[in-house]
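Here is a short report for a reader who is new to this structure. Please look over the sequence and the model before reading on.

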Amino acid sequence: AFSTRKGGVSEREFSSMNLAFGRGDPDEHVLENYSRMAAALGVKREKMVLTWQTHTTNIRVVSEDDLGKGVVKERDYRDIDGLLTNMPGVTLVTFFADCVPLYFVDPKHRAIGLAHSGWRGTVNRMGEKMVAAMKREYGSRPEDLVCCVGPSICSDCYEVGEDVADKFYDAFSKEDCRAIVLPSKTGMIGKRQLDLWEANRRILLEAGVPEKNISVTDICTRCNPDKLFSHRAMGEKRGNLCAFLALKEN
């Protein structure tokens, strides 16, 4: 699942389904929002596990001890932007307000992964690292994975400076960059449009995931401020969206 702004109890700039603690929204509101999401998804709030995102490509394999961390228990880890599990009933949770959610499902080995990939995660190939981690931990084969590039900022809305564009020129082939790093929509000198959706799609393809197994969103967070939180549209005074992924319990 991917949350929207709708259906929660938060108020003001957090209205109404804010899922981030520590932004000024009362904790009881955020907890109630998690309860509502859990009920809607048919999962248990106490079995959710949250990232601690700092734009790394660090990945944590979720253990039994991690259940509830970030929601009903303190997290004892930092700098984690990707989560993996093969435990049914556990819900992986990652945070967003423009960056890219990456979903991974291995139906053969019944394992899942969920990752946060902003421009830093993308240029450092978080998608490829998730595929490699699932292979290492669960024996997943790239050709068996089903992947999704979820709701996030579109290329028309995502203008970056030459410093960021240069990092993509260094990390991707010239052919890839023709599709990823685009001319500025505003015509400003030193600016480029960045297509994170296409960048992540190409990373997954290069990692061996078949094209037919990759779904790419057409939902932009910045284009839909009435439905979704967007850092580009709102700045720091806003809530956070979440991606959720779980294996159903038998």
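## A turn and its hairpin

Arginine 110 sits in the loop between strand 5 and strand 6. Helices (H or I, at least four residues) and strands (E, at least two) are DSSP runs, numbered from the N terminus. This is a predicted model, in which local features need pLDDT of at least 70, side-chain atom pairs count only at pLDDT 80 or more, and totals for chains, interfaces and linings use all residues. Residues are numbered from 1 along each chain as its sequence is written, and side-chain values use heavy atoms, with hydrogens and water left out.

Arginine 110 is not a glycine, yet its phi is positive, at about 50°. Most residues other than glycine have a negative phi. Arginine 110 is partly exposed, with a relative accessible area of 37%. Buried means under 20% relative accessible area, exposed means over 50%, and partly exposed lies in between (1.4 Å probe, protein chains only). Strand 5 and strand 6 form a hairpin, with four residues between them.

## Strand 5 and its partners

Strand 5 covers residues 100-106. Six of its seven residues are buried, so strand 5 is largely enclosed by the rest of the structure. Seven bridges join strand 5 to strand 6, and the two run antiparallel. Strand 5 also pairs with strand 7 in the antiparallel sense, over four bridges. Two strands pair if DSSP finds at least two bridges between them.

Phenylalanine 104 takes part on both sides. Its bridge partner in strand 6 is glycine 113. In strand 7, cysteine 147 stands opposite phenylalanine 104.

Aspartate 98 lies in the loop between strand 4 (91-96) and strand 5. Its phi is positive, at about 150°, although aspartate 98 is not a glycine. Aspartate 98 is buried, with a relative accessible area of 8%.

## The nonpolar cores

A nonpolar core is a set of buried Ala, Val, Leu, Ile, Met, Phe, Trp, Tyr and Cys residues joined through side-chain atoms within 4.5 Å. The largest one here has 39 residues. Phe104, Trp119, Phe168, Leu194 and Leu204 have the most contacts inside it. Elements that give two or more residues include strand 6 (111-117), helix 3 (126-138) and helix 6 (196-206). Helix 3 gives the largest share, six residues.

A second, separate core has 21 residues, among them Val49, Val62, Leu92 and Tyr103.

Which residues does leucine 194 touch, not counting residues up to four places away in sequence? Among them are Trp119, Tyr158, Val164, Phe168 and Ile180. Contact means heavy atoms within 4.5 Å.

Three strands form an open sheet in the order 8-10-9, with antiparallel pairing. Strand 8 (159-161) and strand 9 (181-183) stand at the edges. Each has a single partner strand, so one side of each is left without a neighbour in the sheet. The twist averages 50° from one strand to the next.

Strand 8 is joined by three bridges to strand 10 (residues 191-194). Arginine 192 in strand 10 is the bridge partner of valine 160. Helix 4 packs on the sheet and touches strand 8, strand 9 and strand 10. The direction of helix 4 makes about 90° with that of strand 8. Axes are lines fitted to C-alpha atoms, for helices over the stretch in contact, and angles run from 0 to 180 degrees between N-to-C directions.

## The segment before helix 1

Serine 3 lies in the segment before helix 1 (27-41). Is serine 3 buried or exposed? Serine 3 counts as buried, at 2% relative accessibility. A polar atom of its side chain lies 2.9 Å from the backbone nitrogen of cysteine 242. Beyond four places in sequence, serine 3 touches residues including Leu19, Met37 and Phe244.

Serine 16 belongs to the segment before helix 1. The peptide bond from serine 15 to serine 16 is cis, with omega near -10°. Most peptide bonds are trans.

## Confidence

The mean pLDDT of the protein is 98, and 100% of its residues reach 70 or more. pLDDT is the predictor's confidence in each residue, from 0 to 100. Confidence is lowest in helix 7 (residues 231-234), at a mean of 97, and highest in strand 5, at 99.

How values were computed:
A polar contact is a pair of N or O atoms within 3.5 Å; within protein, one must be able to donate a hydrogen and the other to accept it, and residues adjacent in sequence count only if both atoms are side-chain atoms.
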